[in-house]
Amino acid sequence: MIVKMKFLSITGPKGDIDRVVNQYLSKYEIHLENALSELTSVRSLSPYLEINPYRDDLAAISQYYVQLEQPEKLSPHPMSTETALKTVHTVVGRSHELEALKKPLDGEISSLSETMRMLRPFRNMDFNLTDLLHFKHMRIRFGRIDKQHFAQFEKYVYSTLDTIFHKCDEDEQYVWGLYFCPINKTSQIDAVYASMHFELIKVPDGYEGTGRQIYESVTSRYNQAVQKMQANENARQELLRKYASEIVSAKYALECLSSNFDIRRLAACTSQGRNGKKEVFYIICGWMAESDAEKFQKDIENDSQIFCIIEDQDGNIASEPPTKLKNPKLFQPFEMYIKMYGLPAYHEMDPTMFVGLTYSFIFGTMFGDVGQGLLLLLGGALLYKLKGMALAGIISLAGIFSTLFGFLYGSVFGFENVIPALWLHPKTAMTTLPFIGSMNTVFVVAIAFGMFLILTTMIFHIVNAVRTKNTENLFFDQNSLAGLVFYGSAVAVIFLFMTGHRLPAGIVLAVMFGIPLLLIMFKEPLTRLVQKKSPLVEGGIGMYLLQSFFETFEVLLSYFSNTLSFVRMGAFAVSHAAMMEVVLMLAGAANGGNPNWLIIVLGNLFVCAMEGLIVGIQVLRLEYYEMFSRFYSGSGREFKPFLKKTLYR
């Protein structure tokens, strides 16, 4: 059902808005509207312009909140504004101190890591690196060369150059080393090495000792820097652990304060004379559930600083009331399907319970099996209990009807000889009909049930038309009174013919078919006549008649196709029985032999998963296209409470 709404206009002295929000509005859910847009008839209104002072602090503490380990499990405790702000400043200040220490460590670790990378291939050198770098008559070059070019270098070039190459390290691709060359031939030798793709490596200067000693020294400094960085990270984690409860509480308190303050964006201000002085008053407008509105009115009745006007939607209000659904817990999961299609408008019927019953019933007819139905029931209920998944709740309720129809069909995990069928076996039950002959019984029942649902949705359409005072939808639409009479007469005629009563059927056909079709055909001019307007016909009478004829023909086709669409109920009931028969045949259980239970289990799981998914989609299609489209617009807007109730858990 749709919760009945009341429109509230709340006003008081401008400086008192925070007290009102914290003391009163924070207890209730209110869907705020822009006061400037709603109160267009009120003169001298101006926006309430103030910058939210809590926004930056809330953003700052939120950064630390997301770094906590499972913060949602911590319950916030009451915290004053001053304490919350102090907590933010303390945590941010201490964190900035740690960050200031971390930045130079990052640079040092990066620099030492690069140095280690360059020195690693030369770590096994047992001579002083400083001496090598400062020879007077020789130049030293460090670098690497890929093995293919190194082999060519050794074979064809090395023996012809005035150079000595010392190999320090190698891997699968490269050879690392250094070469010596006289100062007066440095350019020539460097060019030859470069032509052999020798990549120079700049070894850092300023280190004393052998290559091994220098590498070990740099490694030691690197490890010390890493330890300091880890200590810094441990201090940061300890800070988060120490202030975890305060961070959660400060964030919650600042969220409430920020949300309360943001009400100003939708509020308006007006100036009025009071006690010989000109005072500024705020105005807040919004929708509240009728029960909450009554409680709010009682809550403020002794407060002289606040004044509230409560109105119905029928009053002079610009906006349409938002839609808030409230259904029994059993049907709440089906609100997911309603929201997927679109929330009902405020004056529309809430189809949640109708969808819950029809969806589960139709699913059961198409997927009737005691064993598989119980699996759906228990599995869906368990997931809904543990995870709160709406789809799991839907599956669980559908499983109840699958189990019931399993008893009616006499099917338990595909076996049709374990329990007797309380009604029929879908695959074999046949019915003889006049003019048609023998037809599967479940097909006949499915079409009859579809006719019943179409008539029911037409009644819903009429109820919605009465609520919205829409003349065309009430009298002349294909789903209105005219459509109900026409389709109801068609159903009555079919029933009378099938039961052998031809004369009464002929009378109904002659009297009840023509007039409703004419009303549907000429719905636009007739609507204007009822509304006491001129029955204008656009494009000329001839063109209008031709267009109306084809539109009426399309309406007749839609009645026919919508009715036949329900045949899928019987088709899937038969197909389910046929699929399970195939599973039993593969398991060797069709002729009463010893079955292969592994195949039976796997087959049941496969059918339960695959056909359950397909049936679920097909039932949803019937809901949306054959039923919803007849009476439901889904044009409502969701009720979104601006404030969270400031109740500490």
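Predicted model: local features only at pLDDT ≥ 70, side-chain atom pairs only at ≥ 80, totals over all residues.
Start with the strands. Four of them form an open sheet in the order E5-E6-E4-E7, and the pairing is antiparallel. Strand E5 (164-170) and strand E7 (199-200) stand at the edges. Each has a single partner strand, so one side of each lacks a neighbour in the sheet. E5 and strand E6 (residues 174-182) run antiparallel and are joined by six bridges. Across this pair, Phe165 stands opposite Tyr179 in E6.

Two helices meet these strands. Helix H6 packs on the sheet, where it touches E4, E5 and E6. Helix H7 lies across E4, E5 and E6. The table gives their directions.

| Helix | Residues | Angle to a strand |
|---|---|---|
| H6 | 147-157 | about 130° with E4 |
| H7 | 186-195 | about 160° to E6 |

**The nonpolar cores**

Nonpolar side chains tend to be buried together in soluble globular proteins. In this model, the largest nonpolar core has 45 residues. Tyr337, Tyr359, Ile362, Phe363, Tyr487 and Met569 have the most contacts inside that core. Take Phe363. Beyond its neighbours within four places in sequence, Phe363 is in contact with Leu376, Ala398, Ser402, Gly612, Val615, Gly616 and Val619. Another core, of 23 residues, lies apart from the largest one. Its members include Tyr48, Ile284, Met288 and Ala293.

**Helix H21**

Helix H21 covers residues 541-564. How far apart should its ends be? At 1.5 Å a residue, its 24 residues should span 34 Å. The end C-alpha atoms are 35 Å apart, which agrees.

Which residues of H21 are buried? They are Tyr544, Ser548, Thr552, Val555, Ser558, Tyr559, Asn562 and Thr563. An α-helix has 3.6 residues a turn, so residues three or four places apart point the same way.

**Asn479**

Asn479 sits in the loop between helix H16 (471-475) and H17. Is Asn479 buried or exposed? Its relative accessible area is 5%. The cut-off for buried is under 20%, so Asn479 counts as buried. Leaving out residues up to four places away in sequence, Asn479 touches Met458, His461, Ile462, Tyr559 and Arg630. Tyr559 is also one of the buried residues of H21. With Arg630 there is a polar contact too: the side chains of Asn479 and Arg630 are joined at 2.5 Å.

Definitions and conventions. Residues numbered from 1 in each chain as written. Heavy atoms only, no water. Helix = DSSP H or I, 4+ residues; strand = E, 2+ residues; numbered from the N terminus. Expected span 1.5 Å × (residues − 1). Buried < 20%, exposed > 50% of the residue type's maximum accessible area, 1.4 Å probe, protein only. Pairing = 2+ DSSP bridges. Contact = heavy atoms within 4.5 Å. Axes fitted to C-alpha atoms, helices over the stretch in contact; angles between N-to-C directions. Core = buried A, V, L, I, M, F, W, Y, C linked by side-chain atoms within 4.5 Å. Polar contact = N/O pair within 3.5 Å; in protein donor to acceptor, adjacent residues only side chain to side chain.
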